[in-house]
Amino acid sequence: MNILLIGSGGREHALAWKLAESRLLTSDGGNFYAAPGNPGIADHALCVTLDTSDHAAVIAFCQEKTIGLVVVGPEVPLVAGLGDDLRAEGIAMFGPGKAAAQLEGSKGFTKDLCERAGIPTAGYVRARSFEEARDALANFKPPFVLKADGLAAGKGVVISETREAALVTLRDMFGGRFGQAGAEVVIEEFMEGEEVSFFALTDGTAILPIGTAQDHKRVGEGDTGPNTGGMGAYSPAPVLTGALQEQVMEETIRPTVDTLREEGMPYSGVLYAGLMLTSDGPKLIEYNARFGDPECQVLMMRLEADLGELLLACANGSLGEWSEAKLSNKTALTVVMAAKGYPATPEKGGTIELGEAEANGTKVFHAGTKLNGASLVANGGRVLNVTATGANVTEAKAMAYQAVDAIKFESGFCRRDIGWREVVRETP
């Protein structure tokens, strides 16, 4: 079978690495394409130039190359409805259609769905103007959680400690700080607890858990500084116990899948639930309609099932034939190496030498890289995902940072405390 992977980041490199092992490709010599890919993805797939916002062009490519499965990594093509257009042409597609992808494309849509389906989440108000948002603040206590409704590359959530700071943020949001994503704002009740992520595959009816993770969104050590797309992650997240996972499936994931199907928006793909473990139990913070980044990297390091066959089962409605998505008992941990200046204005062009970083089973996933002649250079904010496994978080962390220290990237930086919460819990 021929496969097309859409995307160019660390998440997509991890997917490409695991897809390249799939029997869908190896059993009959199938061709594997990536658009646009990156230097790391190029080790596994043929990278092609394809404007993925031009759905007609993507369809023509799939027809010309007899693509049997399209895997979309990032959220933007999903929210734009690429899945609907591909399916209309009979092309198997992993990822939700436009209506269901509103789970990520509109935070207000998700909050309203939670209300209809009785899914535990924070109290909220949707506001479509600064004046409406200003008045709504009176119904909340500080700190104030302010969210741009649309896609904002993981940076559209601001927590303001005072009403005055919240008003400044709201003016910025409605003033265009996040572009069209901030045309509407969701104000939420602040939830106390620990954040954790839960992932499940679905074909719209059957649901299959595919792991847990905990990421680190703040740029600075000790979870300080501005939010980023993610500075590191580990999997599994022991704090989300087996009993809690069953509760999340029953109270959050299953009602979401059932409600969307019953309302004519069947969801096919991966559901990435960001959760807060509160004193009242797990509550949904938000959904993403694709694998997380860098959570995907640690999930793929642990996945022992055939990823291609799993994703195809989601696409063709046969996921119910699977009893589990087998994962290694090992812990995987990834450290994001970012370019100096990230998340504001990252410094591009810095040279990178990986050296012996991939010794001892460690994997370096490329995120924001490109080739400048024969040299590998930084070409984005988050540049590399250095990923290792171990018996627990402490061991995986040590292996990952050993690999980080083997890389020469003078214009790069990373947090040195990824996994710190679990390391504390593991320390006698």
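This report walks through a sheet, the helices packed on it, a strand pair and the salt bridges of one predicted model.

Residues are numbered from 1 along each chain as its sequence is written. Because the model is predicted, local features need pLDDT of at least 70 and side-chain atom pairs count only at pLDDT 80 or more, while totals for chains, interfaces and linings use all residues; side-chain values use heavy atoms, without hydrogens and water.

**The open sheet**

Helices (H or I, at least four residues) and strands (E, at least two) are DSSP runs, numbered from the N terminus. Two strands pair if DSSP finds at least two bridges between them. Strands of a sheet pair through backbone hydrogen bonds, either parallel or antiparallel.

Here, five strands form an open sheet, and the pairing is parallel. Their order is β3-β2-β1-β4-β5. Why is one side of β3 and of β5 left without a neighbour in the sheet? Strands β3 (46-47) and β5 (93-94) stand at the edges, so each has a single partner strand. Strand β2 (residues 32-36) runs parallel to β3, and two bridges join them. Across this pairing, Ala34 stands opposite Cys47 in β3.

Two helices pack on the sheet. Contact means heavy atoms within 4.5 Å. Axes are lines fitted to C-alpha atoms, for helices over the stretch in contact, and angles run from 0 to 180 degrees between N-to-C directions. Helix α1 (residues 10-19) touches β1 (2-7), β2 and β4 (67-72). The direction of α1 makes about 165 degrees with that of β1. Helix α3 (residues 55-64) also touches β1, β2 and β4. For α3, the angle with β1 is about 155 degrees.

**Where α1 meets α12**

Helix α1 also meets helix α12 (residues 307-316). Their axes come within 8 Å and cross at roughly 105 degrees. Angles under 35 degrees count as roughly parallel, over 145 as roughly antiparallel, 65 to 115 as roughly perpendicular and the rest as oblique. The two helices α1 and α12 are therefore roughly perpendicular to each other. Leu15, Lys18 and Leu19 come from α1, and Leu307, Gly308 and Leu311 from α12. The residues of this contact divide into four nonpolar, one polar and one charged. Ala, Val, Leu, Ile, Met, Phe, Trp, Tyr, Cys and Pro count as nonpolar; Asp, Glu, Lys and Arg count as charged; the others, Gly among them, count as polar.

**An antiparallel pair**

Strand β7 (residues 144-148) and β8 run antiparallel, joined by four bridges. The bridge partner of Lys147 is Val157 in β8. Strand β8 (residues 157-160) has two faces: Val158 and Ser160 are covered, Val157 and Ile159 uncovered.

**Salt bridges**

A salt bridge is a side-chain nitrogen of Lys or Arg within 4 Å of a carboxyl oxygen of Asp or Glu. How many salt bridges are there by this rule? The count comes to 25. The table lists some of them.

| Glu21 | Lys18 | 3.5 Å |

Buried means under 20% relative accessible area, exposed over 50%, partly exposed in between (1.4 Å probe, protein chains only). Lys18 is buried at 8%, whereas Glu21 is partly exposed at 47%. Asp215 is buried at 10%, and Lys217 is partly exposed at 25%. Arg261 is partly exposed at 31%. Asp258 and Arg261 sit three residues apart in helix α10 (residues 242-262), so about one helical turn separates them. Elsewhere, salt bridges link Asp112, Arg126, Arg128 and Glu184 in a network.
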